[in-house]
Amino acid sequence: GARAFDLLAVLAAHPGEVIGNRTLIDAVWPRTVVIDANLRVQIAALRRLMGDDGSAIVNVAGRGYAFTG
């Protein structure tokens, strides 16, 4: 979906860099109130689509996500 693609674009623009949940949400859902669960759903969809076992998009506990693919 469009949100997943936008999320991947933000992550891929900063490879190896940890991007905070709030920063990702603000970039992908501007001017919209969104909870962290929406972000987790989109990350899971990206991982499924990429056939990822969790290595291309890494969750850094308490900090955010990083694209390592």
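**Helices and their contacts**

Guide: Let us begin with Leu39, whose place is in helix H3; helices (H or I, at least four residues) and strands (E, at least two) are DSSP runs, numbered from the N terminus. This is a predicted model, in which local features need pLDDT of at least 70, side-chain atom pairs count only at pLDDT 80 or more, and totals for chains, interfaces and linings use all residues. Residues are numbered from 1 along each chain as its sequence is written, and side-chain values use heavy atoms, with hydrogens and water left out.

Visitor: Is Leu39 buried or exposed?

Guide: Buried means under 20% relative accessible area, exposed over 50%, and partly exposed in between (1.4 Å probe, protein chains only). Leu39 has a relative accessibility of 1%, so the residue counts as buried.

Visitor: Which residues does Leu39 touch, not counting residues up to four places away in sequence?

Guide: Contact means heavy atoms within 4.5 Å. The C-alpha atoms of Leu39 and Leu24 are separated by 8.0 Å, although these residues are 15 residues apart along the chain. With residues up to four places away in sequence not counted, Leu39 touches Leu7, Asn21, Leu24, Ile25, Trp29 and Tyr65.

Visitor: Which residues of helix H2 are buried, and why do they line one face?

Guide: In H2, which spans residues 21-28, the buried residues are Leu24, Ile25 and Val28. Seen down the axis of H2, they fall within an arc of 100°, so they line one face of the helix; the arc is that of the directions from the helix axis to the C-beta atoms. What covers these buried residues includes helix H1 (2-12), helix H3 (36-50) and strand E2 (64-67).

Visitor: What covers the buried residues of H1?

Guide: The buried residues of H1 are Ala4, Leu7 and Leu11. Because they fall within an arc of 60° when seen down the axis of H1, they line one face of the helix. The face turned away from this buried side carries the exposed residues Ala2 and Phe5. The cover over the buried residues of H1 includes H2, H3, strand E1 (57-60) and E2.

Visitor: How are H1 and H3 placed relative to each other?

Guide: Axes are lines fitted to C-alpha atoms, for helices over the stretch in contact, and angles run from 0 to 180 degrees between N-to-C directions. The axes of H1 and H3 come within 9 Å and cross at roughly 85°. Angles under 35 degrees count as roughly parallel, over 145 as roughly antiparallel, 65 to 115 as roughly perpendicular and the rest as oblique. H1 and H3 are therefore roughly perpendicular to each other.

Visitor: Which residues make the contact of H1 with H3?

Guide: On the side of H1, the contact is made by Arg3, Ala4, Leu7, Leu8 and Leu11. On the side of H3, the residues are Leu39, Gln42, Ile43, Leu46 and Met50.

Visitor: What is the relative accessible area of Arg31?

Guide: Arg31 lies in the loop between H2 and H3. Its phi is near 55°, a positive value in a residue other than glycine. Arg31 is exposed, with a relative accessible area of 85%.
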